[in-house]
Amino acid sequence: MKRRSWLVLLAVAVGLGLISTVLAGASYGRTAVPQTKKAGTINVLSLWGGSEKSAFLKVTDAFTAKTGIKIEYETARDFIPAIRTRLAAGNPPDVAIVPRPGYLASLAREGAFKDLRPLGFTPAYMKARYTSGWTSLGTVGGKLYGLAVKANSKSVIWYKPDSFAKYKFKVPKTWAQLIALTKAYKAKGLTPWGLGCGPGPSSWTLTDWFENIYARTAGPAKYDRLFAGKLKFTDASVLNALKLMTSILNNKYIAGGGVQGALGRTFVSGIGQVFGPNAKAQLYMEGGFVGGIALDQVNTKLKPGKTIAFFPWPTITPKYDSPLVGGGDLAAAFKDNADIRSFLKYLSTPAAGAIWVSTGAVISPNKQTKSSAYPNLLVRAEAKQVASAKIFRFDGSDLMPGALGDTWGAALQNVIQKPGNAKKIMSDFQKEADKAY
Amino acid sequence: MSQPPLPTPVLEPQEPPRGLGTFRAGERLQGLFFIAPALVVLGIFLVYPAYYTVRLAFYQGDFLYRFSNFLGLDNFKELLTDDPSFLDLSSFPPSGALVNNFRWVIFYIALSLAFGLGLAVLAVRVRYERVVKSIIFVPMAISATAVGLIWLFVYSPDLDNGILNAVIHGVDHGFDPIAWVGRPSTVNYALIFAYVWASTGFVMVVLSAAIKGIPTEIIEASRVDGAGEWAIFRRIMVPMLSLPIAVVTVWLFINVIKVFDIIYVMTGGGPGTSSRVIAYTMYKETFENGRGGYGAAVAVLMLLLVLPVMVLNVRRFRSERVTT
């Protein structure tokens, strides 16, 4: 009998101990947020890795040296689910830097971000540093939520100057000349285009192709309406742009297994097709950031201007000229305190911009950043293109709400496989778009 | 090699199990306290989330995954009738994540079992059995992320790093490289094969242990009776291994219904949506598209698919002795 009562006592003790541990854990969870937010540390989340990350860390190191505030940088390649789950758990980062104004706007409308205007980012402050295009990208419903920290031109086509010299090719200025160049390469027995757009994560290279063609054939006004959800994707202008797109992106002109090959290849291996040590293709279409990746990761023997260079996207419909399609990343604040304010302020200074661009990985949207800060002629040319663009349009797929941009990329993957089905694919996609807009 | 069979223990007649009512209050309390730790942990990490998910499936849900905007069965209706990336019966053959998962069930289980059983039977006969088995087991110890990256290289359409294409090209020079994960027609099989590669080792180890449990007398007796090797395999080994095979099949089934990691790493559900499966759809809808309710509906469907097999398995564990 005595033994049994001991056992009961033991069981009670174990049970109570466990319950109190669980409760302690729960209450710790509740107080954990203010604890990690102790003065002097800012948690920053972004999808940057590789050269962009190391460039950004140089910027934050300079900030820490100046102010003593530490930056805890976190890379989340899949930033959408990372931010969503942390937000739902009540533990968002202090600052997030995201490349999609559309997603930023979705979260801002849900009330996730702090308005930056009362934090010192007044219209006058912004006007002195950014063109109105960049400010409006971060503005939702009259409030400022996003601060542009990085920019890229996506309206460039990469080529090999030495090969152009060898065959006496000229840089194409119009779509007809681009097609002629494509055919001329083919006639020399070379496959003209490299492309990496698959299987899942690299589908955005196709959305960039589409955007450049669409802005040049349908014009900036329709471009705005299409990506704002006000024009249907079944519109004739969309189908026309897809037709032009597949007149280059097809089995005849894509190296290494044609369309299917491209769908099995990532964006970076696509660069390798053109600029790698064992290159098989001649031309590559993607943004200014290709230069940094090609020089650093793909082939260190490349010589800017001699074996690698880019030309601006040619015009298609003369009256729409050559609008610049660009991308960029915006910083937004989930929380507000003095440290976060001074960090965001710092990001918008020319000093931060100069460190940022000196790495050759990115260009700065800040107009106070001097062009002499750019380390090589490729990025300098890109910065000049962005600064001098008469018409600037932000990457449309990144303006789409939530993750619709990924669905759009998947739809374009289907189009290049079956150009004849474009109409059906677009009407299916429109159904998805209707739900999202 | 194998030990003489243990004499089957004669079961002592036991007193009939007592119902809960026959325990005294003190005993009941004591029992409760002893299972309390497990109950609390299971309650917090299993029962509550499951309840939350099932309930959320009937709501639209907002960006914080709260219960907002009750929809009834609308999520399920949309999922099964109006979401071509999940189930598309309008064309033949039908496509979508559900159909892909069905493919996975058939080919993944069949191939894993065939390779696992084959290797288990053959490994017993080679001299360096342990070494051979360890090598085949190694992929099991590699994380799915690494498995995915390895096979992305294997399947690459560029001959420089795509081993598979390079090998075929080496044999037949006129061969045009195939982007195995870039084609909707091959991508699912390419993924399945990579996963089979990673699971075969486990199946082999379990079945090979079971083979060692088969009394040698039976095999020897059948040899004396004139049975060939194939007959021994077909008529003696396979029937005697039926229980471990069933257990492994259930394990493979549950594994395949929730397959996610390798698809996430290798294709992201692409090209297009052609390699999505149920679990990937759930992730995509919940965490990328922020449609908590819809994603929860996918999860509930997944649970419903696994449940019968789980029940079957638990019953078997209760009724039979598992000889693995």
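What follows is a chat about a predicted model, moving from its chains down to a single residue.

Student: Let's start with chain A. How many residues does domain 1 of chain A put into the contact with domain 2 of chain A?
Tutor: First find the two parts: domain 1 covers 41-152 + 327-387, and domain 2 covers 156-322 + 403-436. Their centres, taken over C-alpha atoms, are 28 Å apart. Domain 2 of chain A gives 12 residues to the contact, and domain 1 of chain A gives 15 residues.

Student: Which helix supplies the largest share of the side of domain 1 of chain A that touches domain 2 of chain A?
Tutor: By class, that side has six nonpolar, seven polar and two charged residues. Five residues of it, the largest share, come from one helix, residues 377-388 of chain A, and that's α17.

Student: Now the two chains together. Which helix gives the largest share of the side of chain A that touches chain B?
Tutor: Chain A brings 38 residues to this contact and chain B brings 37 residues. On the chain A side, α1 (2-36), α3 (79-88), α12 (258-263) and α19 (404-417) each supply at least two residues. The chain A side divides into 18 nonpolar, 15 polar and five charged residues. The largest share, nine residues, comes from α1(A).

Student: What about chain B by itself: how many helices does it have?
Tutor: Its C-alpha trace spans about 80 × 65 × 35 Å along the principal axes, and 35% of its 324 residues are buried. Read along the sequence, the pattern is α after α. Chain B has zero strands, and its helices number 13.

Student: Pick two of those helices for me. At what angle do helix α3 of chain B and helix α10 of chain B pack?
Tutor: Two packed helices are described by the angle between their axes and the distance between the axes. Here the helices are residues 97-123 and 242-257 of chain B, and their crossing is right-handed. The axes lie 9 Å apart, and the angle is about 145°.

Student: How many nonpolar residues are in the contact of α3(B) with α10(B)?
Tutor: From α3(B), the residues in the contact include Trp104(B), Tyr108(B) and Leu113(B). Facing them in α10(B) are residues including Leu252(B), Phe253(B) and Ile257(B). The contact has no charged residues and three polar ones, and the nonpolar count is 11.

Student: Back to chain A. Why is helix α13 of chain A largely enclosed by the rest of the structure?
Tutor: Look at what surrounds the helix: its buried residues pack against β7 (156-159), α9 (204-217), β9 (281-285) and α14 (289-298) of chain A. Among the buried ones are Phe267(A), Ile271(A) and Phe275(A). Helix α13 is largely enclosed because of its nine residues, the number buried is eight.

Student: What is the bridge partner of Trp158(A) in β10(A)?
Tutor: β7(A) and β10(A) run antiparallel, joined by four bridges. Within that pairing, Trp158(A) has as its bridge partner Phe310(A).

Student: And strand β3 of chain A: which residue of β11(A) stands opposite Val98(A)?
Tutor: In β3, Val95(A) and Ile97(A) point one way, Ala96(A) and Val98(A) the other way, and all are buried. β3(A) pairs with β1 (residues 41-46) in the parallel sense over three bridges, and runs antiparallel to β11 (residues 324-333), joined by four bridges.

Student: Last one: is Val156(A) buried or exposed?
Tutor: Val156(A) sits in strand β7 of chain A. Leaving aside neighbours within four places in sequence, its contacts include Gly287(A), Phe310(A) and Glu382(A). A residue counts as buried at 20 or more other C-beta atoms within 10 Å. Val156(A) has 27 of them, so it is buried.

How values were computed. Residues numbered from 1 in each chain as written. Chains lettered and ligands numbered in written order. Predicted model: local features only at pLDDT ≥ 70, side-chain atom pairs only at ≥ 80, totals over all residues. Domains from an automatic or database assignment. Contact = placed C-beta atoms within 7 Å. Nonpolar A, V, L, I, M, F, W, Y, C, P; charged D, E, K, R; others polar. Axes fitted to C-alpha atoms, helices over the stretch in contact; angles between N-to-C directions. Left-handed = near helix turned anticlockwise from the far one by under 90°. Buried ≥ 20, exposed ≤ 12 C-beta atoms within 10 Å, placed from the backbone. Pairing = 2+ DSSP bridges.
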